[in-house]
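Take a moment to look at the sequence and the picture, and then we will walk through them together.

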Amino acid sequence: LTAEEMAQGKTIQVVVYTDGEEQTLKVSIPKGSREGQKLRLKNKGRQGPYGRGDLYLNLVRQESDSSS
């Protein structure tokens, strides 16, 4: 995400692989997010002995491409 996208918020699609299956998730990045922040996606992680775990996304800032 660019610094602007983190500041303004954005909905992104993330492809995850759990239990041998590919799944596309829509994730809402909240306004005011910052690099290094972790977002928890409840019950979207791996299946374990006590149920499905949580998936954590670590936000990383990318430089905006000024050539386009």
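## Starting with Met6

In which helix is Met6 found? Met6 sits in helix α1, which covers residues 3-8. Helices here are DSSP runs (H or I) of at least four residues, strands are DSSP runs (E) of at least two, and both are numbered from the N terminus. Before going further, please note that this is a predicted model, in which local features need pLDDT of at least 70, side-chain atom pairs count only at pLDDT 80 or more, and totals for chains, interfaces and linings use all residues. Residues are numbered from 1 along each chain as its sequence is written, and side-chain values use heavy atoms, leaving out hydrogens and water.

Is Met6 buried or exposed? Met6 counts as buried because its relative accessibility is 3%. The cut-offs are under 20% relative accessible area for buried, over 50% for exposed, and partly exposed in between, using a 1.4 Å probe and protein chains only. Leaving aside neighbours within four places in sequence, Met6 has contacts (heavy atoms within 4.5 Å) with residues including Leu1, Pro30, Arg34 and Val60. Arg34 is 28 residues away from Met6 along the chain, yet their C-alpha atoms are separated by 6.2 Å.

Confidence is given as pLDDT, a score for each residue from 0 to 100. The protein averages 89, and 93% of the residues score at least 70. Strand β3 (residues 38-41) has the highest confidence, with a mean of 95, while strand β4 (residues 47-48) has the lowest, at 88.

## The overall build

The protein has 1 helix and 6 strands, and along the sequence they follow the pattern α-β-β-β-β-β-β. Its C-alpha atoms fill a box of roughly 45 × 25 × 15 Å along the principal axes. The radius of gyration is 14 Å, whereas a compact globule of 68 residues would have one near 11 Å. That value is taken over C-alpha atoms, and the globule rule is 2.2 Å times the number of residues to the power 0.38. Of the 68 residues, 24% count as buried.

## The nonpolar core

Which residues make up the largest nonpolar core? There are 11 in all, among them Met6, Val16, Leu39 and Leu41. Strands β1 (10-18), β2 (21-29) and β3 each give two or more residues to this core, and β2 supplies the largest share, with 3 residues. Such a core is a set of buried Ala, Val, Leu, Ile, Met, Phe, Trp, Tyr and Cys residues joined through side-chain atoms within 4.5 Å.

## Strand β3 and its partner

In a regular strand the side chains alternate between the two faces of the sheet. β3 pairs with strand β6 (residues 55-58) in the antiparallel sense over 4 bridges; pairing requires at least two bridges found by DSSP. One of the bridges joins Lys38 to Asn58 in β6.

## Two loop residues

Asn43 lies in the loop between β3 and β4. Asn43 has a positive phi of about 65 degrees, although it is not a glycine. It counts as partly exposed because its relative accessibility is 41%.

Pro49 belongs to the loop between β4 and β5 (51-52). With a relative accessible area of 79%, Pro49 is exposed. Pro49 and Gly32 are 17 residues apart in sequence, and their C-alpha atoms are 36 Å apart in space.

Key. pLDDT = per-residue confidence, 0-100.
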